[in-house]
Amino acid sequence: NYYLMAIPVEEQSVSSFPNPPALFYKRYTDENVQSGLAPQPPPPVKGSYHAFGNPFDSQDSIIRSLEEQGLQRLYPQKYDRKTELKKLNHSILICFLELLDILIENPASPDRNQKIEDISVLFINMHHLINEYRPHQAEETLRVIMERQKKQREDIIFQVQRAIEKAKHIGKDCSDTLAQMAGTIRSSELFLADELSTSLGVEAKSSKQVAKISKKSLLGQSSVSKQDEELSSVIDQLFS
């Protein structure tokens with residue numbers, strides 16, 4: 001076998017458990033699968049085969065009947081499992097008590113082996129009836145798993161929807177805040193423009209008033225100097 005030859009001899013002789021299938025999973029990389037280099041799965045088994053030392057056939061039913069296995073059936077073809085299981089359980093208790101009586105009265109009696117065989121057949125029939133619940137158990141287990149997965153998906157969808165609604169609410173709040181800030185900024189710009197135009201008008205008016213006052217002061221100074229000249233000329237005439 002190629003795979004066994006690829007595994008070191010030390011690992012084959014020392015390991016008490018099967019080696020990890022590294023030679024298999026390393027072949028199934030994304031690149032190998034996309035390029036078609038990954039090995040194909042083995043074909044399904046057809047015909048007879050052996051598993052755990054017992055022969056099986058691929059055409060056999062999942063649960064073979066007692067007759068197919070060469071065992072004695074103690075219940076009819078049409079039956080109610082619950083009722084038959086109760087009957088078998090009662091029969092096992094009776095056979096066990098009878099076996100105890102045989103062991104007490106005559107342990108070497110050949111009836112002892114027959115009673116043990118009867119108990120064995122009863123347990124086989126009970127076990128077979130219990131095994132017939134396996135398909136139902138598998139269906140119920142699968143149903144529970146699917147319901148759990150459905151619940152998990154519904155929870156995830158609910159969480160995603162709640163996150164989307166929260167994001168929409170946050171976006172709306174941000175949009176309203178930005179619109180309010182834009183209105184405030186616009187109002188502030190208009191107010192500052194009005195204040196600036198008012199201050200510029202006041203400054204222009206103040207400049208005009210300052211110019212008028214300066215002109216008056218200059219005119220007053222010129223008239224005073226003219227009066228001084230006239231006064232000095234009169235004084236000169238008196239003393240001349």
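Aspartate 155 is partly exposed, with a relative accessible area of 32%. Here buried means under 20% relative accessible area, exposed means over 50%, and partly exposed lies in between (1.4 Å probe, protein chains only). Lysine 151 is also partly exposed, at 46%. The model is a predicted one, in which local features need pLDDT of at least 70 and side-chain atom pairs count only at pLDDT 80 or more, while totals for chains, interfaces and linings use all residues. Residues are numbered from 1 along each chain as its sequence is written, and side-chain values use heavy atoms, with hydrogens and water left out.

Aspartate 155 forms a salt bridge with lysine 151, and the closest N and O atoms are 3.0 Å apart. A salt bridge requires a side-chain nitrogen of Lys or Arg within 4 Å of a carboxyl oxygen of Asp or Glu. Both residues lie in helix α7 (residues 134–239), four residues apart, about one turn of the helix. Helices (H or I, at least four residues) and strands (E, at least two) are DSSP runs, numbered from the N terminus. Salt bridges that share partners also join Glu140, Arg143 and Glu147 into one network.

The structure holds eight salt bridges. One of them pairs lysine 115 with glutamate 98, with 2.5 Å between the closest N and O atoms. This pair links distant parts of the chain: lysine 115 is in helix α6, glutamate 98 is in helix α5, and 17 residues separate them. Lysine 115 counts as buried, at 14% relative accessibility. Glutamate 98 is partly exposed, at 32%. Arginine 73 forms a salt bridge with glutamate 67, the closest N and O atoms being 2.8 Å apart. Arginine 73 is partly exposed at 21%, and glutamate 67 is partly exposed at 42%.

Arginine 73 also touches asparagine 125. Asparagine 125 is found in helix α6. Its relative accessible area is 0%, so asparagine 125 is buried. Contact means heavy atoms within 4.5 Å. Not counting residues up to four places away in sequence, asparagine 125 touches Leu66, Gln72, Arg73, Leu74, Tyr75 and Leu88.

The largest nonpolar core has eleven residues: Leu66, Tyr75, Leu85, Leu88, Ile92, Cys95, Leu99, Ile119, Leu122, Met126 and Leu129. Such a core is a set of buried Ala, Val, Leu, Ile, Met, Phe, Trp, Tyr and Cys residues joined through side-chain atoms within 4.5 Å. Helices α5 (81–105) and α6 (111–131) are the elements that give two or more residues to this core. The largest share, five residues, comes from α5. Leaving aside neighbours within four places in sequence, isoleucine 92 is in contact with Leu122, Phe123 and Met126.

Two aromatic pairs are counted. Rings of Phe, Tyr and Trp (its six-membered ring) pair if their centres lie within 6.5 Å; planes under 30 degrees apart count as stacked, over 60 as edge-to-face and the rest as tilted. Tyrosine 49 and phenylalanine 56 are stacked, at 5.9 Å centre to centre and 25 degrees between the planes. Tyrosine 75 and tyrosine 79 have ring centres 4.8 Å apart and planes at 65 degrees, so this pair is edge-to-face. Tyrosine 75 counts as buried, at 4% relative accessibility, whereas tyrosine 79 is partly exposed, at 24%.
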